[in-house]
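Here are some quick notes for when you have the model open.

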Amino acid sequence: MEYNIAVLGGDGIGPEVTAQARRVLEAVGAAYDHRFTFREGLVGGIAIDTEGTALPDATMELCRASDAVLFGAVGGPKWDDPTAEVRPEQGLLALRKGLGLFANLRPVKLEPALIEASTIKADVLRGTDMFVLRELTGGIYFGERGRRDEGRTAFDTMIYTVPEIERVVRMACELARGRRKHVTSVDKANVLETSRLWRETATRVAREYPDVQVEHLLVDACAMHLIRRPASFDVIVTENMFGDILTDEASMLAGSMGMLPSASLAEGSMGLYEPIHGSAPDIAGQGIANPIGAILSAALLLRHSLKLEAEAQAVEQAVQNMLAEGYRTRDIAEPSAETVSTDVMGTLIAERLRA
Ligand code: NAD
(Lines give C-alpha, C1' and ligand atoms only; values in the text may rest on other atoms or scores of the structure.)
Protein backbone atom coordinates (compact mmCIF):
# COMPACT_ATOMS: atom_id res chain seq x y z
CA MET A 1 0.00 0.00 0.00
CA GLU A 2 0.98 3.64 -0.43
CA TYR A 3 0.68 6.21 2.31
CA ASN A 4 1.36 9.93 2.49
CA ILE A 5 2.83 11.18 5.75
CA ALA A 6 3.29 14.86 6.58
CA VAL A 7 6.40 15.43 8.71
CA LEU A 8 6.42 18.59 10.83
CA GLY A 9 9.61 18.56 12.87
CA GLY A 10 9.19 22.03 14.35
CA ASP A 11 11.80 23.42 16.74
CA GLY A 12 14.61 22.31 19.05
CA ILE A 13 14.91 18.53 19.24
CA GLY A 14 11.66 18.13 17.24
CA PRO A 15 13.41 17.64 13.87
CA GLU A 16 16.06 15.39 15.48
CA VAL A 17 13.57 12.92 16.92
CA THR A 18 11.11 12.96 14.00
CA ALA A 19 14.01 12.11 11.66
CA GLN A 20 14.45 8.88 13.64
CA ALA A 21 10.72 8.14 13.62
CA ARG A 22 10.77 8.60 9.86
CA ARG A 23 13.75 6.29 9.56
CA VAL A 24 11.86 3.63 11.51
CA LEU A 25 8.78 4.01 9.27
CA GLU A 26 11.05 3.62 6.22
CA ALA A 27 12.31 0.36 7.72
CA VAL A 28 8.71 -0.77 8.28
CA GLY A 29 8.00 0.06 4.63
CA ALA A 30 10.93 -2.06 3.48
CA ALA A 31 10.08 -4.97 5.77
CA TYR A 32 6.33 -5.07 5.03
CA ASP A 33 6.28 -3.79 1.48
CA HIS A 34 4.50 -0.47 2.03
CA ARG A 35 5.41 2.76 0.31
CA PHE A 36 5.54 5.79 2.55
CA THR A 37 5.90 9.19 0.94
CA PHE A 38 7.14 11.78 3.43
CA ARG A 39 6.60 15.49 2.87
CA GLU A 40 8.08 18.04 5.25
CA GLY A 41 6.26 21.18 6.40
CA LEU A 42 7.09 24.19 8.57
CA VAL A 43 5.43 24.76 11.93
CA GLY A 44 6.17 26.67 15.14
CA GLY A 45 9.08 29.02 15.71
CA ILE A 46 10.87 28.13 12.51
CA ALA A 47 7.70 28.93 10.56
CA ILE A 48 7.39 32.26 12.37
CA ASP A 49 10.97 33.12 11.41
CA THR A 50 10.58 32.22 7.76
CA GLU A 51 6.87 32.84 7.03
CA GLY A 52 5.70 35.14 9.83
CA THR A 53 3.06 32.67 11.05
CA ALA A 54 3.20 29.54 13.22
CA LEU A 55 1.13 27.55 10.73
CA PRO A 56 1.62 28.55 7.08
CA ASP A 57 -1.28 27.70 4.73
CA ALA A 58 1.03 25.39 2.79
CA THR A 59 1.56 23.28 5.93
CA MET A 60 -2.18 23.04 6.60
CA GLU A 61 -2.78 21.98 2.99
CA LEU A 62 0.01 19.44 3.20
CA CYS A 63 -1.55 17.90 6.32
CA ARG A 64 -5.02 17.81 4.78
CA ALA A 65 -3.62 16.00 1.76
CA SER A 66 -1.85 13.40 3.93
CA ASP A 67 -3.00 10.23 5.66
CA ALA A 68 -1.41 11.27 8.96
CA VAL A 69 0.92 13.82 10.52
CA LEU A 70 4.18 13.07 12.30
CA PHE A 71 4.89 16.02 14.58
CA GLY A 72 8.00 16.93 16.60
CA ALA A 73 7.68 19.85 19.02
CA VAL A 74 7.40 23.62 18.85
CA GLY A 75 8.75 26.50 20.90
CA GLY A 76 11.95 27.73 22.45
CA PRO A 77 13.52 30.68 24.25
CA LYS A 78 13.65 32.76 21.08
CA TRP A 79 9.84 32.87 20.88
CA ASP A 80 9.06 32.69 24.60
CA ASP A 81 7.37 36.08 25.14
CA PRO A 82 3.84 35.08 26.31
CA THR A 83 2.45 38.45 25.20
CA ALA A 84 3.76 38.17 21.63
CA GLU A 85 1.00 38.14 19.03
CA VAL A 86 2.48 35.30 17.02
CA ARG A 87 3.62 32.31 19.10
CA PRO A 88 4.84 28.81 18.20
CA GLU A 89 2.10 26.88 20.04
CA GLN A 90 -0.52 28.61 17.88
CA GLY A 91 0.72 26.28 15.14
CA LEU A 92 -0.32 23.21 17.10
CA LEU A 93 -3.64 24.72 18.21
CA ALA A 94 -4.49 25.68 14.62
CA LEU A 95 -3.62 22.18 13.42
CA ARG A 96 -5.91 20.63 16.05
CA LYS A 97 -8.73 22.88 14.95
CA GLY A 98 -8.08 22.60 11.21
CA LEU A 99 -7.83 18.81 11.27
CA GLY A 100 -10.70 18.32 13.76
CA LEU A 101 -8.45 16.58 16.29
CA PHE A 102 -10.86 16.36 19.22
CA ALA A 103 -9.19 13.75 21.41
CA ASN A 104 -5.68 13.27 22.68
CA LEU A 105 -4.57 9.77 23.52
CA ARG A 106 -1.59 9.01 25.73
CA PRO A 107 -0.75 5.40 26.32
CA VAL A 108 1.17 5.01 29.56
CA LYS A 109 2.90 1.68 29.71
CA LEU A 110 5.74 0.82 31.93
CA GLU A 111 8.83 -0.49 30.19
CA PRO A 112 9.92 -3.44 32.35
CA ALA A 113 13.58 -2.53 31.72
CA LEU A 114 13.04 0.95 33.20
CA ILE A 115 10.94 0.13 36.26
CA GLU A 116 13.68 1.25 38.65
CA ALA A 117 14.00 4.62 36.88
CA SER A 118 10.58 5.81 38.06
CA THR A 119 10.12 7.87 41.22
CA ILE A 120 7.30 5.49 42.24
CA LYS A 121 7.97 2.15 43.95
CA ALA A 122 8.30 -0.80 41.58
CA ASP A 123 5.67 -2.78 43.51
CA VAL A 124 3.05 -0.08 42.96
CA LEU A 125 3.94 0.37 39.30
CA ARG A 126 4.14 -3.21 38.15
CA GLY A 127 1.50 -3.95 35.52
CA THR A 128 0.76 -0.30 34.70
CA ASP A 129 -0.69 -0.16 31.21
CA MET A 130 -3.32 2.52 30.60
CA PHE A 131 -4.69 4.89 28.01
CA VAL A 132 -5.50 8.44 29.06
CA LEU A 133 -7.94 10.06 26.64
CA ARG A 134 -8.34 13.82 26.93
CA GLU A 135 -11.00 15.92 25.21
CA LEU A 136 -9.01 18.45 23.24
CA THR A 137 -11.16 21.13 21.66
CA GLY A 138 -13.72 22.11 24.30
CA GLY A 139 -13.91 23.20 27.92
CA ILE A 140 -12.35 26.08 29.77
CA TYR A 141 -9.45 26.56 27.34
CA PHE A 142 -11.90 27.59 24.63
CA GLY A 143 -14.73 29.29 26.55
CA GLU A 144 -15.27 33.01 26.86
CA ARG A 145 -12.66 34.75 29.01
CA GLY A 146 -11.77 38.25 30.01
CA ARG A 147 -11.21 40.89 32.65
CA ARG A 148 -13.56 43.40 34.26
CA ASP A 149 -13.45 45.90 37.16
CA GLU A 150 -10.54 47.69 35.51
CA GLY A 151 -8.66 44.44 35.22
CA ARG A 152 -9.05 43.43 38.87
CA THR A 153 -11.43 40.54 38.14
CA ALA A 154 -10.74 37.79 35.61
CA PHE A 155 -12.93 34.97 34.36
CA ASP A 156 -12.71 31.85 32.18
CA THR A 157 -15.78 29.90 31.11
CA MET A 158 -16.05 26.13 30.96
CA ILE A 159 -18.56 25.01 28.34
CA TYR A 160 -19.39 21.53 27.06
CA THR A 161 -22.07 20.28 24.68
CA VAL A 162 -23.58 16.80 24.62
CA PRO A 163 -22.11 15.91 21.18
CA GLU A 164 -18.61 16.93 22.36
CA ILE A 165 -18.88 14.63 25.36
CA GLU A 166 -20.50 11.78 23.44
CA ARG A 167 -17.83 11.48 20.78
CA VAL A 168 -14.90 11.34 23.18
CA VAL A 169 -16.63 8.92 25.58
CA ARG A 170 -17.53 6.72 22.59
CA MET A 171 -13.92 6.76 21.50
CA ALA A 172 -12.88 5.71 25.02
CA CYS A 173 -15.37 2.80 24.96
CA GLU A 174 -14.18 1.71 21.51
CA LEU A 175 -10.56 1.79 22.69
CA ALA A 176 -11.48 -0.17 25.83
CA ARG A 177 -13.07 -2.88 23.68
CA GLY A 178 -9.65 -3.64 22.25
CA ARG A 179 -8.19 -3.77 25.78
CA ARG A 180 -9.42 -4.78 29.23
CA LYS A 181 -12.93 -3.31 28.66
CA HIS A 182 -12.84 -0.86 31.54
CA VAL A 183 -13.36 2.91 31.29
CA THR A 184 -12.91 5.44 34.09
CA SER A 185 -14.75 8.66 33.29
CA VAL A 186 -13.28 11.52 35.32
CA ASP A 187 -15.19 14.67 36.28
CA LYS A 188 -15.97 17.02 39.16
CA ALA A 189 -19.71 16.33 39.22
CA ASN A 190 -20.05 17.25 42.90
CA VAL A 191 -19.30 20.90 41.99
CA LEU A 192 -19.38 21.70 38.28
CA GLU A 193 -22.48 21.79 36.04
CA THR A 194 -20.39 20.85 32.98
CA SER A 195 -19.26 17.79 34.93
CA ARG A 196 -22.85 16.83 35.76
CA LEU A 197 -23.65 16.95 32.05
CA TRP A 198 -20.46 14.97 31.41
CA ARG A 199 -21.48 12.25 33.85
CA GLU A 200 -25.08 12.03 32.57
CA THR A 201 -23.85 11.78 29.00
CA ALA A 202 -21.10 9.26 29.79
CA THR A 203 -23.64 7.10 31.64
CA ARG A 204 -25.95 7.17 28.63
CA VAL A 205 -23.17 6.42 26.11
CA ALA A 206 -22.00 3.55 28.34
CA ARG A 207 -25.35 1.77 27.73
CA GLU A 208 -24.33 1.41 24.06
CA TYR A 209 -21.37 -0.66 25.27
CA PRO A 210 -22.76 -3.35 27.58
CA ASP A 211 -19.50 -5.28 27.29
CA VAL A 212 -17.52 -2.31 28.67
CA GLN A 213 -17.59 -1.43 32.37
CA VAL A 214 -17.74 2.35 32.86
CA GLU A 215 -17.05 3.83 36.30
CA HIS A 216 -17.02 7.48 37.38
CA LEU A 217 -14.33 9.08 39.47
CA LEU A 218 -13.89 12.63 40.75
CA VAL A 219 -10.78 14.29 39.39
CA ASP A 220 -9.18 14.84 42.80
CA ALA A 221 -9.64 11.16 43.69
CA CYS A 222 -8.28 10.17 40.29
CA ALA A 223 -5.12 12.22 40.84
CA MET A 224 -4.59 10.29 44.06
CA HIS A 225 -5.39 6.82 42.71
CA LEU A 226 -3.07 7.33 39.75
CA ILE A 227 -0.07 7.18 42.03
CA ARG A 228 -1.61 4.75 44.54
CA ARG A 229 -2.94 2.05 42.23
CA PRO A 230 -1.86 2.93 38.66
CA ALA A 231 -2.07 -0.67 37.45
CA SER A 232 -5.84 -0.75 38.09
CA PHE A 233 -6.63 1.73 35.29
CA ASP A 234 -7.40 0.65 31.74
CA VAL A 235 -8.86 3.64 29.82
CA ILE A 236 -9.34 7.03 31.50
CA VAL A 237 -11.47 9.63 29.70
CA THR A 238 -11.85 13.21 30.80
CA GLU A 239 -12.38 16.82 29.77
CA ASN A 240 -9.68 19.13 28.46
CA MET A 241 -8.17 20.79 31.54
CA PHE A 242 -8.45 17.78 33.87
CA GLY A 243 -6.89 15.73 31.08
CA ASP A 244 -4.07 18.21 30.62
CA ILE A 245 -3.08 17.75 34.25
CA LEU A 246 -3.77 14.01 34.61
CA THR A 247 -1.91 13.08 31.42
CA ASP A 248 1.23 14.76 32.74
CA GLU A 249 0.84 13.05 36.09
CA ALA A 250 0.26 9.67 34.45
CA SER A 251 3.20 10.07 32.11
CA MET A 252 5.62 10.52 35.00
CA LEU A 253 4.73 7.00 36.15
CA ALA A 254 6.63 5.65 33.18
CA GLY A 255 9.83 7.52 33.89
CA SER A 256 11.40 9.81 31.32
CA MET A 257 9.72 12.49 29.25
CA GLY A 258 11.58 11.19 26.23
CA MET A 259 9.84 7.80 26.21
CA LEU A 260 6.17 8.51 25.72
CA PRO A 261 4.11 8.92 22.55
CA SER A 262 0.77 10.56 21.96
CA ALA A 263 -1.90 10.69 19.29
CA SER A 264 -4.39 13.44 18.58
CA LEU A 265 -7.31 11.90 16.77
CA ALA A 266 -10.13 13.11 14.55
CA GLU A 267 -13.32 11.44 13.44
CA GLY A 268 -12.25 8.89 10.81
CA SER A 269 -8.60 7.97 10.42
CA MET A 270 -6.76 11.30 10.49
CA GLY A 271 -4.35 11.75 13.38
CA LEU A 272 -1.38 13.80 14.51
CA TYR A 273 1.32 11.85 16.31
CA GLU A 274 3.92 13.41 18.56
CA PRO A 275 6.10 12.60 21.54
CA ILE A 276 4.74 14.12 24.75
CA HIS A 277 7.90 16.12 25.38
CA GLY A 278 8.60 19.65 24.16
CA SER A 279 11.43 21.04 22.08
CA ALA A 280 14.01 20.60 24.90
CA PRO A 281 16.13 23.63 23.95
CA ASP A 282 18.63 22.70 26.69
CA ILE A 283 19.79 19.66 24.70
CA ALA A 284 18.90 20.64 21.11
CA GLY A 285 21.60 20.19 18.49
CA GLN A 286 23.70 17.88 20.65
CA GLY A 287 22.51 14.57 19.22
CA ILE A 288 21.56 13.23 22.66
CA ALA A 289 17.75 13.48 22.65
CA ASN A 290 15.85 10.25 23.23
CA PRO A 291 13.96 9.44 20.00
CA ILE A 292 11.83 6.67 21.54
CA GLY A 293 8.79 8.89 22.27
CA ALA A 294 8.78 9.93 18.60
CA ILE A 295 9.36 6.36 17.40
CA LEU A 296 6.51 5.03 19.54
CA SER A 297 4.37 7.86 18.14
CA ALA A 298 5.10 6.45 14.69
CA ALA A 299 3.84 3.09 15.99
CA LEU A 300 0.59 4.79 17.04
CA LEU A 301 0.38 6.33 13.57
CA LEU A 302 0.65 2.87 12.02
CA ARG A 303 -2.04 1.53 14.37
CA HIS A 304 -4.64 4.31 14.44
CA SER A 305 -4.39 6.08 11.08
CA LEU A 306 -3.12 3.32 8.78
CA LYS A 307 -4.67 0.33 10.62
CA LEU A 308 -1.37 -1.57 10.40
CA GLU A 309 -1.51 -3.36 13.76
CA ALA A 310 1.20 -5.95 13.10
CA GLU A 311 3.60 -3.25 11.94
CA ALA A 312 2.81 -1.12 15.01
CA GLN A 313 3.53 -4.05 17.30
CA ALA A 314 6.77 -4.77 15.48
CA VAL A 315 7.98 -1.23 16.17
CA GLU A 316 7.00 -1.48 19.85
CA GLN A 317 8.72 -4.83 20.13
CA ALA A 318 11.90 -3.47 18.49
CA VAL A 319 11.98 -0.64 21.05
CA GLN A 320 11.46 -3.06 23.91
CA ASN A 321 14.22 -5.35 22.64
CA MET A 322 16.64 -2.46 22.34
CA LEU A 323 15.98 -1.43 25.94
CA ALA A 324 16.21 -5.03 27.17
CA GLU A 325 19.60 -5.29 25.46
CA GLY A 326 20.74 -2.33 27.52
CA TYR A 327 20.90 0.46 24.94
CA ARG A 328 20.18 3.81 26.57
CA THR A 329 20.17 7.45 25.59
CA ARG A 330 21.53 9.74 28.27
CA ASP A 331 18.19 10.66 29.85
CA ILE A 332 17.37 7.04 30.77
CA ALA A 333 20.88 5.81 31.59
CA GLU A 334 22.49 5.29 35.00
CA PRO A 335 24.87 8.20 35.72
CA SER A 336 28.13 6.46 34.73
CA ALA A 337 26.71 4.05 32.14
CA GLU A 338 27.55 4.08 28.46
CA THR A 339 24.99 5.80 26.24
CA VAL A 340 24.08 5.98 22.56
CA SER A 341 23.19 9.03 20.48
CA THR A 342 19.78 9.92 19.03
CA ASP A 343 20.95 8.76 15.64
CA VAL A 344 22.36 5.43 16.85
CA MET A 345 19.21 4.60 18.83
CA GLY A 346 17.04 5.28 15.75
CA THR A 347 19.36 3.35 13.46
CA LEU A 348 19.48 0.32 15.76
CA ILE A 349 15.69 0.14 16.04
CA ALA A 350 15.31 0.55 12.25
CA GLU A 351 17.90 -2.17 11.61
CA ARG A 352 16.04 -4.62 13.85
CA LEU A 353 12.87 -3.99 11.87
CA ARG A 354 14.59 -4.61 8.56
CA ALA A 355 16.18 -7.82 9.82
P1 NAD B 1 10.57 19.80 27.44
O2 NAD B 1 9.74 18.59 27.36
O3 NAD B 1 11.03 20.36 26.17
O4 NAD B 1 11.83 19.50 28.37
C5 NAD B 1 11.74 19.15 29.75
C6 NAD B 1 13.01 18.42 30.18
O7 NAD B 1 13.00 17.09 29.65
C8 NAD B 1 14.29 19.07 29.66
O9 NAD B 1 15.31 18.96 30.61
C10 NAD B 1 14.64 18.25 28.44
O11 NAD B 1 16.02 18.22 28.14
C12 NAD B 1 14.13 16.86 28.82
N13 NAD B 1 13.68 16.14 27.62
C14 NAD B 1 12.53 16.35 26.93
N15 NAD B 1 12.46 15.54 25.88
C16 NAD B 1 13.58 14.78 25.91
C17 NAD B 1 14.08 13.75 25.06
N18 NAD B 1 13.42 13.33 23.97
N19 NAD B 1 15.27 13.20 25.39
C20 NAD B 1 15.94 13.58 26.48
N21 NAD B 1 15.52 14.55 27.30
C22 NAD B 1 14.35 15.15 27.03
O23 NAD B 1 9.72 20.88 28.27
P24 NAD B 1 10.06 22.41 28.59
O25 NAD B 1 11.51 22.56 28.86
O26 NAD B 1 9.07 22.80 29.60
O27 NAD B 1 9.71 23.19 27.27
C28 NAD B 1 10.66 23.56 26.26
C29 NAD B 1 9.93 24.19 25.09
O30 NAD B 1 9.07 23.22 24.49
C31 NAD B 1 9.03 25.37 25.48
O32 NAD B 1 9.15 26.35 24.50
C33 NAD B 1 7.65 24.78 25.49
O34 NAD B 1 6.66 25.72 25.21
C35 NAD B 1 7.76 23.76 24.39
N36 NAD B 1 6.79 22.65 24.47
C37 NAD B 1 6.24 22.22 23.32
C38 NAD B 1 5.37 21.15 23.30
C39 NAD B 1 4.81 20.69 22.00
O40 NAD B 1 5.28 21.10 20.97
N41 NAD B 1 3.80 19.85 21.98
C42 NAD B 1 5.08 20.48 24.49
C43 NAD B 1 5.67 20.92 25.69
C44 NAD B 1 6.54 22.00 25.65
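**Notes on the model**

1. Cys63 is buried, at 0% relative accessible area (buried is under 20%, exposed over 50%, partly exposed in between, using a 1.4 Å probe and protein chains only). Bear in mind that this is a predicted model, where local features need pLDDT of at least 70, side-chain atom pairs count only at pLDDT 80 or more, and totals for chains, interfaces and linings use all residues. Numbering starts from 1 along each chain as its sequence is written, and side-chain values use heavy atoms, without hydrogens and water.

2. Searching the whole structure for disulfides (cysteine sulfur pairs within 2.5 Å) turns up zero. For Cys222, the nearest cysteine sulfur belongs to Cys173, 16 Å away. Cys222 is also buried, at 0% relative accessibility.

3. The largest nonpolar core has 69 residues (buried Ala, Val, Leu, Ile, Met, Phe, Trp, Tyr and Cys joined through side-chain atoms within 4.5 Å). Among the members touching the most others are Phe36, Leu133 and Leu302. Domain 1 (1–103 + 262–355) and domain 2 (118–254) both contribute residues, so this core lies between them; the bounds come from an automatic or database domain assignment. Another core, of 21 residues, lies apart from it and includes Leu110 and Ile236.

4. Which residues does Ala231 contact, leaving aside neighbours within four places in sequence? They are Arg126, Gly127, Thr128 and Arg180, with contact meaning heavy atoms within 4.5 Å. Ala231 is partly exposed, at 31% relative accessible area. Asp129 is 102 residues from Ala231 in sequence, yet their C-alpha atoms are 6.4 Å apart.
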